[in-house]
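Here are some questions and answers on one protein chain.

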Amino acid sequence: MRKILFLLIILNALVLTACVPTNDGVIPTHDFSINEYYQDNCIILHNENFIINGESEPGVLLTAELFNELDKKVEHTSCIADIDGKFTLTLSAPSASYQSYRLVINDSVNEKEIKNIKFGEIWIFAGEGVNEYNSDYDSECDSVSFYTFNEGKYSWKNNIDDLNNNYIEYFAKQLSEKIEKPVGIIDATLSEGHADAWLSFEVANKYLRVQNYLKEINRYSDDDKNIILKSDNLSSMYNTFIEPLKNINVRGFIWNQGNSEITEDFDKVAQDYSYLLMILFSELEAFFNNDIMIFSIQENSFGNRNFDLLRTAQSIPTFQVKNVNLIPTYDCYEIDEEIKLDYDSFNKRIINTITNDVYQSKNDYTAISYNNIVVNANTYEIIFEKQLLEIEELNGLLICDEFHNPLTYEFDIDDNKLIISLLEEDVQAKYIYFGYNNNIYENNLKTATGIPIIPFFIELDVESARK
């Protein structure tokens, strides 16, 4: 028995010696893998720790070294893969600059070198990428890079292959020039897409109201085996662009839904769609540890009665979720024989909103709606969060009695108050609409900085007002 025990001890020692010849870890027998985000030309959020997750073999020692343009080592770290072969390398990101870095990761046998890394700002652009916002602006430049998914592969490029996505490229370059930092865009857009494609399968099946809405529009599934990456089916874009970004730091998330959700009977599901957006934004905040800003671009189209409902549905979650701001763009039009989008004003609106809110700690470009109303006889004082722009004529406001008859009025603007006085005697307003018209681009109620007011609807208590 003692001989057998002795032989087992010797055998075990020989095996351990063969696997670990030094104190530096197990010698790997095959190559390691890392998150596909880290490739040549990638951009990493500056002044934050950045985490490289990967897989190897249990006990393998991995090291990561970051070199600047002068080939000077500026960061170094190491770790040993756990019992499941998973490892995490954490380094400190330098300050933003146009300098190129290279990252070398090795396990004593295999090595990966990532070149032309820049440290700057990272934004996710999600929702629809092909729409009326596109322009012919050539935005290819060295200070921007786009993380895309094509033909089953992730890659970083200096432009987006699909020319219809030019407005995202325009945004990236303009933002880079304005903040004087490199900008990386994670292009998580589809040409047309429903919001549930960016919602996780788990969350989509967690909330009964979300399930019922998805069933109503024939998009519900309780089987995740049919999810196809980068497609317009339930949770496909979440699986393609959100889940793989776990532990990747980003500055913010820009959401452009467009009008794919519009149907003839959208009025029946508009509130449920709004609820789904609230769940989507809440999940994004939680996923990125509540540190990101989410900007939702409000639909600016006109001519379809359901667009009013869509704009309202898009605005409600921005009041319900902490870090979500709405970007209204319905006033970004020009008239040249016909009414069309003004590309410059549209892009400037997005850039100015984001740079003011995020990089200058101001909220001058934040979209607002009313936050209170005071009724006194036939006078209605609608109070806003910010000072209003002085105007001589008010477009887009409609006041009706309880029978939906339009009422005539005069108005006055006093700082952040819109004061409405009815011209007819012995009448009471029941409904107040702003922005519920086909020619919404003509609406001119704005903040002092020129940002249009979010369309709103107020239903008044006529009986209380009469008393």
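Q: Which residues form one aromatic cluster in this predicted model?
A: The model is predicted. Aromatic rings count as a pair if their centres lie within 6.5 Å. By this rule the protein has 27 aromatic pairs. One cluster is formed by Tyr-37, Tyr-38, Phe-50, Tyr-101, Phe-119, Tyr-147, Phe-149, Tyr-154, Trp-156 and Phe-241.

Q: Which residue stands opposite Ile-185 of E11?
A: E11 is also joined to strand E8, residues 111-128. Eight bridges link E8 and E11, and the two run parallel. The residue opposite Ile-185 is Trp-123.

Q: How many of the residues of E11 are buried?
A: Val-183, Ile-185, Asp-187 and Thr-189 point one way from E11, and all are buried. Gly-184, Ile-186, Ala-188 and Leu-190 point the other way and are buried too. E11 is largely enclosed by the rest of the structure, because the buried residues number eight of the eight.

Q: Is Ala-188 buried or exposed?
A: Ala-188 lies in strand E11, residues 183-190. A residue counts as buried under 20% relative accessible area. The relative accessibility of Ala-188 is 0%, so this residue counts as buried.

Q: Which residues are in contact with Ala-188, leaving aside its neighbours within four places in sequence?
A: Contact here means heavy atoms within 4.5 Å. With the neighbours within four places set aside, the list for Ala-188 includes Phe-241, which is also a member of the aromatic cluster. The complete list is Ile-124, Phe-125, Ala-126, Gly-127, Trp-198, Met-237 and Phe-241.

Q: How far apart in space are Ala-188 and Ile-242, C-alpha to C-alpha?
A: In sequence, Ala-188 and Ile-242 are 54 residues apart. In space, the C-alpha to C-alpha distance between Ala-188 and Ile-242 is 8.6 Å.

Q: Among contacts between residues at least 6 apart in sequence, what share joins residues at least 24 apart?
A: The protein has 467 residues, and 52% of them count as buried. Its elements are nine helices and 23 strands. Among contacts between residues at least 6 apart, the share that joins residues at least 24 apart is 70%.

Q: How many residues of strand E4 are buried?
A: E4 covers residues 61-67 and is mostly covered. Seven bridges join E4 to strand E5, residues 73-80, in the antiparallel sense, and five bridges join E4 to strand E7, residues 97-106, also antiparallel. The number of buried residues in E4 is six of seven.

Q: At what distance from the ring centre of Phe-67 does Arg-102 lie?
A: Phe-67 stands opposite Arg-102 in E7. A charge sits over a ring if CZ of Arg is within 6 Å of the ring centre and within 35 degrees of the ring normal. Arg-102 lies over the face of Phe-67, and its distance from the ring centre is 4.3 Å.

Q: What is the phi of Asp-71 near?
A: Asp-71 lies in the loop between E4 and E5, a hairpin with five residues between the strands. At 44% relative accessibility, Asp-71 counts as partly exposed. Its phi is positive, in a residue other than glycine, and is near 65 degrees.

Q: Is Ser-108 buried or exposed?
A: Ser-108 lies in the loop between E7 and E8. Its phi is near 85 degrees, a positive value in a residue other than glycine. Relative accessibility over 50% counts as exposed. The value for Ser-108 is 60%, so this residue counts as exposed.

Conventions
Residues are numbered from 1 along each chain as its sequence is written. This is a predicted model: local features need pLDDT of at least 70, side-chain atom pairs count only at pLDDT 80 or more; totals for chains, interfaces and linings use all residues. Side-chain values use heavy atoms; hydrogens and water are left out. Rings of Phe, Tyr and Trp (its six-membered ring) pair if their centres lie within 6.5 Å; planes under 30 degrees apart count as stacked, over 60 as edge-to-face and the rest as tilted. Helices (H or I, at least four residues) and strands (E, at least two) are DSSP runs, numbered from the N terminus. Buried means under 20% relative accessible area, exposed over 50%, partly exposed in between (1.4 Å probe, protein chains only). Two strands pair if DSSP finds at least two bridges between them.
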